[in-house]
Amino acid sequence: MMVHVPQLLSADQVADMRGQLAGTDWVDGKVTAGTQSAGAKYNLQVPENAPAARALGEVILRALGRNELFTSAALPLRVFPPLFNRYDGGMNFGNHIDNAIRFVKPSLGSAAPIRVRTDLSATLFLTNPEDYDGGDLVIEDTYGTHSVKLPAGDMVLYSATSRHRVTPVTRGSRWASFFWIQSMVRDESARTLLFDLDTAIQGLRKALGDNDEVVRLTGLYHNLIRRWADA
């Protein structure tokens, strides 16, 4: 399942975010890569414990909490704190699959890390497509290969089991935020079914209101959540 979440951030929020990131230190993106993907990763990242990364990540988390499309598609249980990367001229990230488990470092040094199972991956674009060439996010799934390049402030949500890559940037610089989501519903086919059902119910509510049949369908949706959700 791939879902385009338009305008997660406003143009003003993107501009403010880019301004703060411009004054931040960037390091080799291999710092968060696994052994296999490190050999294919050529980009820059803001260190995940940098104050700017934490503060800007909170802006994104609040936007996700208000976004009905994201909630319906992801059914989130945990969200890995958003990270920030950039691809300057010649940089790219070859084919890879994201690690299945990520560890969130606690704010208190003595606390144990929090494990996040990466069911879904997300890329939030912070550069408009006309400002760079190349830099396409290419995702492979059972329906083929999909090239994604969205307006700044838009996000793509896709299965973390998908093989994906970022093509070389040949002009300009591509900035983005990326993170992972542990869903309440582990099984991807069940999660997709729930998303389709919720989308249909929302459409029926707009067309027909909350008549008896719509209420029954809504009850079915929530009973399936009770059956399949981890929490």
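**Entry 1: strand 10**

I began with strand 10 and found that six bridges join it to strand 17, the two running antiparallel. I count strands as DSSP runs of E with at least two residues and helices as DSSP runs of H or I with at least four, numbered from the N terminus. Two strands pair if DSSP finds at least two bridges between them.

Before going on, I noted that this is a predicted model, where local features need pLDDT of at least 70, side-chain atom pairs count only at pLDDT 80 or more, and totals for chains, interfaces and linings use all residues. Residues are numbered from 1 along each chain as its sequence is written, and side-chain values use heavy atoms, with hydrogens and water left out.

Is strand 10 buried or exposed? Six of its six residues are buried, so the rest of the structure largely encloses it. Buried here means under 20% relative accessible area, with a 1.4 Å probe and protein chains only. I checked both faces: L120, A122 and L124 are buried on one side, and S121, T123 and F125 on the other.

**Entry 2: the nonpolar cores**

Of its 29 residues, L21, I60, F84, L126, M155 and L157 touch the most other members. Helix 3 (51-66) is among the elements that give two or more residues, as are strand 10 and strand 14. The largest share, five residues, comes from helix 3. Another core lies apart from it, with 14 residues that include Y87, F93, L150 and V156.

I then followed M155, whose contacts (heavy atoms within 4.5 Å) include V3, L64, F70, A122 and F179, leaving out residues up to four places away in sequence.

**Entry 3: the cavity**

A 1 Å grid is laid over the protein atoms alone; a cavity is a set of points where a 1.4 Å probe fits but cannot get out, a pocket is an open set with protein on both sides within 12 Å along at least five of seven lines, and lining residues have an atom within 4 Å of a point.

How many cavities of 30 Å³ or more does the structure hold? I found one. The largest cavity holds about 280 Å³ of space, and among its 27 lining residues F93, H96, D98, H164 and F178 are closest to its centre. Strand 17 gives the most to this lining, with five residues.

Strand 7 and strand 15 pair in the antiparallel sense over two bridges.

**Entry 4: the pockets**

The largest pocket has a volume of about 360 Å³. It is lined by 14 residues, and E68, L69, S72, D198 and Q202 lie nearest its centre. Helix 5 (188-208) is one of the elements that supply at least two lining residues, and its six residues are the largest share.

The second largest pocket holds about 230 Å³ of space. M1, D141, T142, Y143 and E188 are the closest to its centre. Helix 5 gives the most to this lining too, with three residues.

Technical notes
Grid points are joined across faces, edges and corners, and a volume is the space filled by probe spheres set on the points. Buried means under 20% relative accessible area, exposed over 50%, partly exposed in between (1.4 Å probe, protein chains only). A nonpolar core is a set of buried Ala, Val, Leu, Ile, Met, Phe, Trp, Tyr and Cys residues joined through side-chain atoms within 4.5 Å.
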